[in-house]
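Take a walk through this model, one site at a time. Keep the sequence and the coordinates side by side.

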Amino acid sequence: MTSTQERSVPKVVFTDAEAGAKEFPDSGARAFNYFTPAKRKQSHYEDVTVEVQPDPRHYLAQGWLYGFADGKGGYPLEWTALKAWGSDRPEPERGPGSGGQGYPWPALGWHEFRDPNEEWELTLYRYNANVVRQLNQNIEAARQAKAFEQWKTNWVDFVARHVGAWMHVDHGLGLYLFANANRRAPTNMHNNAISVNSMHRIRAAQDLALYNLTLSEEIDGFDGTAHLATWNSDPAWQGVRGTAEQLTAIWDWCEAIFAANIVFEPLVGEVFRSGLVQQAAPANGDFITPTLIGAEEYDYAERDLRYTKPMFQLLINDKEFAEHNRPILQSWLATWVPRCITAVRTLQPIWSQSDAKPHRFEDALDRAKNRFADIVADLDLQTPKELSQ
């Protein structure tokens, strides 16, 4: 009987040195425990958001992984004049064997922020997809019902020129204010909330642009390019245009969010959308445009403002820098309120350009001022005297 020669092949030997072999007290845990949840039980939003963006003041042992040409690394806290608890602490010195030791949690007060909307990638995709789907269904239903034929003549021109012009505000703020502020904010919780805000504005601009193309096909004589001349040269829009361009030039990311969502939107955006377009459209035979404008109004009133207030309330009541932050925020109010009041008053002539008129401009502005005063009171700030302009 012939014996088979065994081949010389190294045998696999398990030494328990492979990754994950060692057992720790939390090895079987099914939830993260490196942060304190806002409520009794941590949410999925917190699991995928909190400290996804690392911070060398806490545990990023090797320091920032990336930097800029001027030598600054990561997310410099001096990108805003506001401060949060721990902002003045230097980054820990790292040395051999220092590991991930930094300051006790939280490394900075910035990390205390939680978006009440609990927005992240999945929620953004779902929400925007649902909004666009509904708007497309509304427009298609209007097309099949020949609803655009019911529009009054002057209203066709009004939508082409003035509703179309608002897409420039949405595009400019979405791309050059909110997207820029998202990159400069110091935590992933801020990044997610602000980037979702950016996508809301960019989607709204796209909605109006596509709507403009649809109307060009459906309505004889609809000038799909009229919004360009209106935005560039119509005297009624130059106040809004100038203010919007000033907003996109703000260097301080906190000031940009504050000026846009706390001041500009209540005093200009809502006055135009709710005080004019939403009021005038039905009386002029238009029941489609309010669905687009209403979607943007909901974006701001129920989502974007909803994260902005707690973001600044934390800074206004910061345990270390409350007295530093409060006068800065008051100075921002004093700067941006008169600019926005001037901008919206410049829009006043377009209140009389449709066949069926909306409520008086002054009534719309008074409602906006009252709403703005309520927002400022919620933040425990003083209503600026410039509001009386």
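Val 132 counts as partly exposed, because its relative accessibility is 25% and that class lies between 20% and 50%. The model is a predicted one. Val 132 sits in helix α2, which covers residues 121-144. What does Val 132 touch, once neighbours within four places in sequence are left aside? Its contacts are Arg 203 and Asp 207.

Now step back to the whole chain. The protein has 10 helices and zero strands. Read from the N terminus, its elements run α-α-α-α-α-α-α-α-α-α. There are 389 residues, and 50% of them count as buried. Consider next the contacts between residues at least 6 apart in sequence. Of these, 78% join residues at least 24 apart.

How confident is the prediction? The mean pLDDT of the protein is 90. A value of 70 or more is reached by 89% of the residues. Confidence is highest in helix α6, residues 238-248, with a mean of 98. It is lowest in α1, where the mean is 88.

Helix α1 deserves a look of its own. It spans residues 44-49, and Thr 49 is found in it. Is Thr 49 buried or exposed? Thr 49 is buried, because its relative accessibility is 0% and the cut-off for burial is under 20%. A polar atom of the Thr 49 side chain lies 2.7 Å from the backbone oxygen of Tyr 45. Set aside residues up to four places away in sequence. Thr 49 then touches Trp 120, Asn 188, Met 189 and Asn 192.

Move on to a loop. Asp 234 is found between α5, residues 226-233, and α6. Asp 234 has a relative accessible area of 12%, so it is buried. Which residues does Asp 234 contact, leaving aside neighbours within four places in sequence? They are Arg 161, His 162 and Ala 229.

Two helix pairs remain, and α10 takes part in both. Start with α7, residues 253-280. The axes of α7 and α10 come within 9 Å and cross at roughly 145°. This crossing is right-handed. From α7, the contact takes in Ile 262, Val 263, Pro 266, Leu 267, Glu 270, Val 271 and Gly 275. From α10 come Ala 364, Ala 368, Lys 369, Arg 371, Phe 372 and Ile 375. By class, the contact holds nine nonpolar, one polar and three charged residues.

Turn to the other partner, α8. Helix α8 runs over residues 289-316, and α10 over residues 361-378. Their axes come within 10 Å and cross at roughly 35°. On the α8 side, Tyr 300, Ala 301, Leu 305, Lys 309 and Gln 313 make the contact. On the α10 side, they meet Arg 371, Ile 375 and Asp 378. These residues divide into four nonpolar, one polar and three charged.

Look again at α10 with both partners in view. Arg 371 and Ile 375 meet α7. Arg 371 and Ile 375 also meet α8.

How values were computed. Residues numbered from 1 in each chain as written. Predicted model: local features only at pLDDT ≥ 70, side-chain atom pairs only at ≥ 80, totals over all residues. Heavy atoms only, no water. Axes fitted to C-alpha atoms, helices over the stretch in contact; angles between N-to-C directions. Helix = DSSP H or I, 4+ residues; strand = E, 2+ residues; numbered from the N terminus. Contact = heavy atoms within 4.5 Å. Nonpolar A, V, L, I, M, F, W, Y, C, P; charged D, E, K, R; others polar. Buried < 20%, exposed > 50% of the residue type's maximum accessible area, 1.4 Å probe, protein only. Polar contact = N/O pair within 3.5 Å; in protein donor to acceptor, adjacent residues only side chain to side chain. Left-handed = near helix turned anticlockwise from the far one by under 90°. pLDDT = per-residue confidence, 0-100.
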